[in-house]
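Please read this briefing beside the sequence and the 3D view, taking one topic after another.

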Amino acid sequence: MIAMYDAFEDRPGILLVVGTGSIAYGRSPAGEIVRCGGWGPTFGDEGSGGWIGRRALSVVAASSDGREPPTALLFPILAATQCEDIQDLIPWAAAADARAFASLVPVVFSTAAAGDPRANALLTLAAEELVLHIRALARQLFTDERAAVGVAFSGGLMERNSPLRKRLEQRLKSAVPGAQIRSEEVLPARGVPPSHNDCRQTVPDQVRARARHVHQRIDAENDRHALERQTESRQSTG
């Protein structure tokens with residue numbers, strides 16, 4: 001949510017984060033915050049790096065079977081996974097986590113740039129999945145996708161020159177016509193709300209105040225004991 005503040009401060013808007021996984025956050029004009037996506041690699045994270053990597057393996061498997069047309073993805077993927085044969089991808093995938101699958105994204109990018117139809121179709125599908133995140137939030141928080149809404153991107157796959165981001169921005173023009181894309185880079189570390197800064201600044205003051213209070217109690221307790229001893233001493237000598 002700190003990235004959300006860097007993108008919009010307290011203003012309404014939608015932030016899409018795409019890296020190994022994917023998730024989107026939206027803030028309505030009334031301040032309501034809603035999440036979309038972020039369900040994890042097993043049954044979510046559509047359009048993310050992990051998702052693209054898994055789908056790329058599905059593409060090469062289907063192509064090998066003859067269920068889909070040939071693709072140039074196979075040999076670059078074998079090289080990236082250090083597998084000698086397509087059958088070796090089975091144990092590789094069984095042991096892979098989301099980051100390992102996401103490591104195949106550069107292969108998909110370069111193969112798509114070289115003109116491979118299947119790699120291009122995969123990136124188009126990934127962009128479409130990400131558009132659905134933004135459109136769902138626009139409909140929930142801003143009446144519909146035609147309403148003017150600020151949209152910001154964050155994450156490794158949303159860098160300005162990313163092929164995936166370019167496709168996403170192009171698709172948003174028709175799918176979410178009210179989207180006003182924020183061109184500036186979103187930096188989560190920069191987006192600490194003032195209230196958080198105030199907390200960091202006031203914590204030492206609170207600690208010092210608490211320490212003074214404790215010392216005052218100790219001093220008062222010592223004074224009380226000293227007075228009691230003096231009283232007892234006078235009574236014993238009297």
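**Briefing on a predicted model**

Gln-82 is placed in the loop between α3 and α4 (89-95), where helices (H or I, at least four residues) and strands (E, at least two) are DSSP runs, numbered from the N terminus. This is a predicted model, in which local features need pLDDT of at least 70 and side-chain atom pairs count only at pLDDT 80 or more, whereas totals for chains, interfaces and linings use all residues. Residues are numbered from 1 along each chain as its sequence is written, and side-chain values use heavy atoms, with hydrogens and water left out.

**Overall layout and confidence**

- The protein has nine helices and five strands, and from the N terminus on its elements run α-β-β-β-α-α-α-α-α-α-β-α-β-α.
- The average pLDDT, which is the predictor's confidence in each residue, from 0 to 100, is 84 for the protein, and 78% of the residues score at least 70.
- Confidence is highest in α6, with a mean of 98, and lowest in helix α9 (residues 194-237), with a mean of 48.
- Over residues 196-218 the pLDDT is below 50, and beyond near neighbours in sequence this stretch has two contacts in the model, a contact being heavy atoms within 4.5 Å.
- Of the 238 residues in the protein, 40% are buried; buried means under 20% relative accessible area, exposed over 50%, and partly exposed in between (1.4 Å probe, protein chains only).
- Among contacts between residues at least 6 apart in sequence, 65% join residues at least 24 apart.

- Most residues other than glycine have a negative phi.
- Gln-82, although it is not a glycine, has a positive phi of about 60 degrees, and Gln-82 is exposed, with a relative accessible area of 76%.
- Asp-45 is not a glycine either, and has a positive phi of about 60 degrees; Asp-45 lies in the loop between β3 and α2 and is buried, with a relative accessible area of 9%.

**Ser-48 and its surroundings**

- Ser-48 is found in the loop between β3 (33-37) and α2 (49-65), and Ser-48 counts as buried because its relative accessible area is 0%.
- The side chain of Ser-48 reaches the backbone oxygen of Asp-45 at 2.6 Å.
- If residues up to four places away in sequence are not counted, Ser-48 touches Val-18, Gly-19, Thr-20, Gly-21, Ser-22 and Leu-157.

**Nonpolar cores**

- In soluble globular proteins, nonpolar side chains tend to be buried together.
- A nonpolar core is a set of buried Ala, Val, Leu, Ile, Met, Phe, Trp, Tyr and Cys residues joined through side-chain atoms within 4.5 Å, and in the largest one, which has 50 residues, Leu-16, Ile-52 and Leu-164 touch the most other members.
- Helix α7 (residues 117-141) gives the most to this core, with 11 residues.
- Ile-52 touches, among others, Val-105, Val-108, Leu-122, Leu-123 and Leu-164, when residues up to four places away in sequence are not counted.
- A second, separate core of seven residues includes Ala-3, Phe-8, Leu-15 and Ala-152.

**Helix α6**

- The buried residues of helix α6 (residues 105-113) are Val-105, Val-107, Val-108, Phe-109, Thr-111 and Ala-112, and what covers them includes α2, α3 (74-81), α5 (98-102), α7 and α8 (163-175).
- Just after α6, Gly-115 takes a positive phi of about 105 degrees.

**Arg-139**

- Arg-139 lies in helix α7 and is partly exposed, with a relative accessible area of 44%.
- The side chains of Arg-139 and Glu-145 are joined by a polar contact of 2.9 Å, that is, a pair of N or O atoms within 3.5 Å, of which, within protein, one must be able to donate a hydrogen and the other to accept it, while residues adjacent in sequence count only if both atoms are side-chain atoms.
- Leaving aside neighbours within four places in sequence, Arg-139 is in contact with Asp-144 and Glu-145.
- The C-alpha atoms of Arg-139 and Val-176, which are 37 residues apart along the chain, are separated by 9.6 Å.
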